[in-house]
Amino acid sequence: MSGDYNMSMRKFLKQVGVTSQQAIEDALRKAGDPAGKSFEAKMVLTIDGLDVEHVVTGQIKDGDA
């Protein structure tokens, strides 16, 4: 795999991480006071032309949840 693909993937994944965190933080602010609550999260990655569907699940929770 070429270095160009590697750099392109890293740039894409950084964008996904940064924008996803911003979206989660905005949603938590809009939720009011979500202290003590936890939320199930799912991220789905698809890549057109490569037959890729990668699913990551997890939990986003307050330290007290």
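Student: What relative accessible area does aspartate 26 have?
Tutor: The model is predicted: a local feature needs pLDDT of at least 70, side-chain atom pairs count only at pLDDT 80 or more, and totals for chains, interfaces and linings use all residues. Numbering starts from 1 along each chain as its sequence is written, and side-chain values use heavy atoms, with hydrogens and water left out. Residues are classed as buried under 20% relative accessible area, exposed over 50%, and partly exposed in between (1.4 Å probe, protein chains only). Aspartate 26 is partly exposed, and its relative accessible area is 34%.

Student: Which residue forms a salt bridge with aspartate 26?
Tutor: Side chains of opposite charge can pair when their charged atoms come close. A salt bridge here requires a side-chain nitrogen of Lys or Arg within 4 Å of a carboxyl oxygen of Asp or Glu. The closest N and O atoms of the pair are 2.5 Å apart, and the partner of aspartate 26 is arginine 29.

Student: How many residues apart are aspartate 26 and arginine 29 in helix H1?
Tutor: Helices (H or I, at least four residues) and strands (E, at least two) are DSSP runs, numbered from the N terminus. Aspartate 26 and arginine 29 are separated by about one helical turn because their spacing in helix H1 is 3 residues.

Student: How many salt bridges are there in the whole structure?
Tutor: Arginine 29, a member of the pair with aspartate 26, is exposed at 56% relative accessible area. Searching the whole structure gives a salt bridge count of 1.

Student: In what order do the elements of the protein chain run?
Tutor: The chain has 1 helix and 2 strands. Helix H1 covers residues 3–30, strand S1 covers 38–47 and strand S2 covers 52–61. From the N terminus on, the order is α-β-β.

Student: What radius of gyration does the protein chain have?
Tutor: The radius is taken over C-alpha atoms, and the globule rule is 2.2 Å times the number of residues to the power 0.38. The C-alpha atoms fill a box of roughly 45 × 20 × 20 Å along the principal axes. A compact globule of 65 residues would come near 11 Å, but the chain has 15 Å.

Student: What share of the accessible surface belongs to carbon and sulfur atoms?
Tutor: Areas come from the Shrake-Rupley method with a 1.4 Å probe; for residues, only the protein chains shown count as cover. Of the 65 residues, 3% count as buried. The accessible surface comes to about 5,800 Å², and the carbon and sulfur share is 54%.

Student: Which backbone oxygen does the side chain of serine 20 reach?
Tutor: Serine 20 lies in helix H1 and counts as buried because its relative accessibility is 19%. Its C-alpha is 9.4 Å from that of methionine 43, which is 23 residues away in sequence. At 2.6 Å, the side chain of serine 20 reaches the backbone oxygen of valine 16.

Student: What is the phi of aspartate 51?
Tutor: Most residues other than glycine have a negative phi. Aspartate 51 sits in the loop between strands S1 and S2 and is exposed, at 79% relative accessible area. Although aspartate 51 is not a glycine, its phi is positive, at about 55°.

Terms used: Polar contact = N/O pair within 3.5 Å; in protein donor to acceptor, adjacent residues only side chain to side chain.
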